[in-house]
Amino acid sequence: MISAILTILLLLGIGYIARILGLFKPQDVSILNRLVLYIFMPATVFYGIYNLKVDPSLLKLPLVGIIEVLLLLPLLISITKKMESNLRGAYILTAIFGNTAFIGYPISLLTYGNEGLARAIIYDQIGFTISLTTVGVWIANHYGRNNSNFSLKDSLVGILTYPPFPVLLLAFILRELKVQLPDFSLKALTYLSNATVPVIMIGIGGLLQLEFKKRYLLLTLGTVFFKLILFPIIGVLLGLMLKLDPISLRVLIIESGVPTMMSSVVLGSEYGLDVEFILTAILITTILVIITLPLINSLLGILLSLFRQY
């Protein structure tokens, strides 16, 4: 796993250096992100699910993701009562929602191959997407705009129009119907899928700002604890309770323990949350994940050995 994380960090560094050298501008990254969102990631999702040996037990993965959010949310709401509203929303958002696609996919793929990637896709596209478009949007709306209204219609539209999600459903349907796609189309999907990891990482690297506000340092350590330590530990315990298979448990560690999602900045800007805190949380959690993920993964190994004894 450490090797996979170092590979990701190297690609991030290439993107950051490329921007510093003027090879592309920050606004150019939006083009890369659109390519990822509308072409590369849907191709990765389709190829990963279409070639997956479907097992109904894998649907426990997104269930764990949703439960994790629902368990942590009341605690975070309780301990942030004294914060200003826009900072409170930013804190809760960064402590719960991680980079499950842009960082979770590459690490899962590099560490556990296509089986790992497929599980990461299921966790992200079902569990994470549902949580973000419901709970995530509510948090941003409530603490940024002081509006507690919740729209089920808007949430459903958000889920169904998120480009990779319809592709996920299509891949499941074609696989269940045993529709055999021609070789040339599968090869094209393979090429597109292989490009996803480097394009994602270079794009994120191009957005990284290696500076943070000192006044947020102590608060950010709280985000580190919740997002990089407590969140994956809760995931492991839930996964063990639901008797997930070993690969699913390992992928659950990755998806639960990834750093704060980059798109928190977009959500925070849209709803008026404290964007400076969000940027600081993204930077710190992205740097520290190289330490926390292997540690939590080692903890899982110890727990698994204990469970086997009983």
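**Cavities, pocket and core of a predicted model**

I will start with the second largest cavity: helix H1 (2–20) and helix H12 each supply at least two residues of its lining. Helices here are DSSP runs of H or I with at least four residues, numbered from the N terminus.

This is a predicted model, in which local features need pLDDT of at least 70 and side-chain atom pairs count only at pLDDT 80 or more, while totals for chains, interfaces and linings use all residues. Residues are numbered from 1 along each chain as its sequence is written, and side-chain values use heavy atoms, with hydrogens and water left out.

Back to that cavity. On a 1 Å grid over the protein atoms alone, a cavity is a set of points where a 1.4 Å probe fits but cannot get out, and lining residues have an atom within 4 Å of a point. Volumes are the space filled by probe spheres set on the points, with grid points joined across faces, edges and corners. The second largest cavity comes to about 50 Å³. Ile5, Ile8, Leu9, Leu12, Ile103, Ile107, Thr286 and Val289 line it, and H1 gives the largest share, 4 residues. The lining divides into 7 nonpolar, 1 polar and no charged.

How many cavities of 30 Å³ or more does a search of the whole structure find? The search finds 3. The largest cavity has a volume of about 70 Å³. Its lining has 13 residues, and Val69, Ile96, Tyr123, Phe128 and Phe231 lie nearest the centre. Helix H3 (60–79), H5 and helix H9 (217–241) each give two or more residues to this lining, with the largest share, 4 residues, coming from H5. By class, the lining of the largest cavity has 6 nonpolar, 5 polar and 2 charged residues.

Next, the largest pocket. A pocket is an open set of points with protein on both sides within 12 Å along at least five of seven lines. The largest pocket holds about 1200 Å³ of space. Of its 35 lining residues, Leu132, Tyr162, Met262, Ser263 and Val266 lie nearest its centre. Elements giving two or more residues are helix H2 (29–50), helix H5 (104–144), helix H8 (183–207), helix H11 (264–271) and helix H12 (275–309). The lining of the largest pocket divides into 22 nonpolar, 10 polar and 3 charged.

Now the core. A nonpolar core joins buried Ala, Val, Leu, Ile, Met, Phe, Trp, Tyr and Cys residues through side-chain atoms within 4.5 Å. Buried means under 20% relative accessible area, exposed over 50%, and partly exposed in between, with a 1.4 Å probe and protein chains only. The largest nonpolar core has 92 residues, and Ile49, Ile96, Phe97, Ile139 and Met201 have the most contacts inside it. H5 supplies the largest share of this core, 15 residues.

Last, the aromatics. Rings of Phe, Tyr and Trp (its six-membered ring) pair if their centres lie within 6.5 Å; planes under 30 degrees apart are stacked, over 60 edge-to-face, and the rest tilted. The count is 6 aromatic pairs. The ring centres of Trp138 and Tyr143 are 6.1 Å apart with planes at 80 degrees, so this pair is edge-to-face. Trp138 is partly exposed at 23% relative accessibility, whereas Tyr143 is buried at 5%.

Methods. Nonpolar A, V, L, I, M, F, W, Y, C, P; charged D, E, K, R; others polar.
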